[in-house]
Amino acid sequence: MKIGIISDTHDQVERIKKAIQILNKEKIGLAYHLGDICSPFVLPLFKDLKCNIKGILGNNDADIFKLVKRAPENFSFHDRFFVDKVNGNKICLFHGDPEELAINLFESGKYDLLLRGHNHVAEIKRNGKTLMINPGSLMGKFDEASKSWTEPSVAVYELGKDEARIIKV
């Protein structure tokens, strides 16, 4: 089964639509949103995703009650830290702040998969049995060194193969 991973969408309507098209084309069976949706008005866009999506809250998700109320039927909300089990795999969702906690979760070895966002940096790393995936963001991030914005991205994880990849949006 393929799992779609998206984070830090920050009200980027057109990029959310494009990300949903990409994830649908990938034929994912489940999706996770790692927080920072921001405004409730974008949530109905996720009804076009052809699978269930489990989301956690990020540091920029202020109006929690409206977010939950506007979520489509295929979208379920959880707190800023959530552990899911899929086909015997322990999957930890954590928005990513504070950074020290994200590092400790990764190094703990308690999870098969650690999904985190927050810093807008797309990354895939392994520590023992734990694979950590940060899909980046749909907003991008300004890179001081190059004086340019990073490309928006999502990630896809293939459960049976234990492999992940970043996809530019």
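Residues are numbered from 1 along each chain as its sequence is written, and side-chain values use heavy atoms, with hydrogens and water left out. Because the model is predicted, local features need pLDDT of at least 70 and side-chain atom pairs count only at pLDDT 80 or more, while totals for chains, interfaces and linings use all residues.

Buried means under 20% relative accessible area, exposed over 50%, and partly exposed in between, with a 1.4 Å probe and protein chains only. Apart from neighbours within four places in sequence, Leu49 is in contact (heavy atoms within 4.5 Å) with Ile20, Leu23, Asn24, Ile28, Ala31 and Asn74. In soluble globular proteins, nonpolar side chains tend to be buried together.

Two further residues have a relative accessible area of 0%. Leu114 is buried at this value and lies in strand β7 (residues 113-116). Not counting residues up to four places away in sequence, Leu114 touches Cys92, Phe94, Ala102, Leu105, Phe106, Thr130, Leu131, Met132 and Ile133. Thr9, also buried at 0%, is in the loop between β1 (2-6) and α1. Its contacts beyond four places in sequence are Ile16, His33, Gly35, Asp36, Ile37 and Leu138.

The structure holds 13 salt bridges, each a side-chain nitrogen of Lys or Arg within 4 Å of a carboxyl oxygen of Asp or Glu. In one of them, the closest N and O atoms of Glu26 and Arg165 are 2.4 Å apart. This pair links distant parts of the chain, 139 residues apart: Glu26 is in the loop between α1 and β2 (30-33), and Arg165 is in strand β13 (residues 163-168). Glu26 is buried, at 16%, whereas Arg165 is partly exposed, at 32%. The salt bridge between Lys147 and Glu144 has an N to O distance of 3.1 Å, and both residues are exposed.

Technical notes:
Helices (H or I, at least four residues) and strands (E, at least two) are DSSP runs, numbered from the N terminus.
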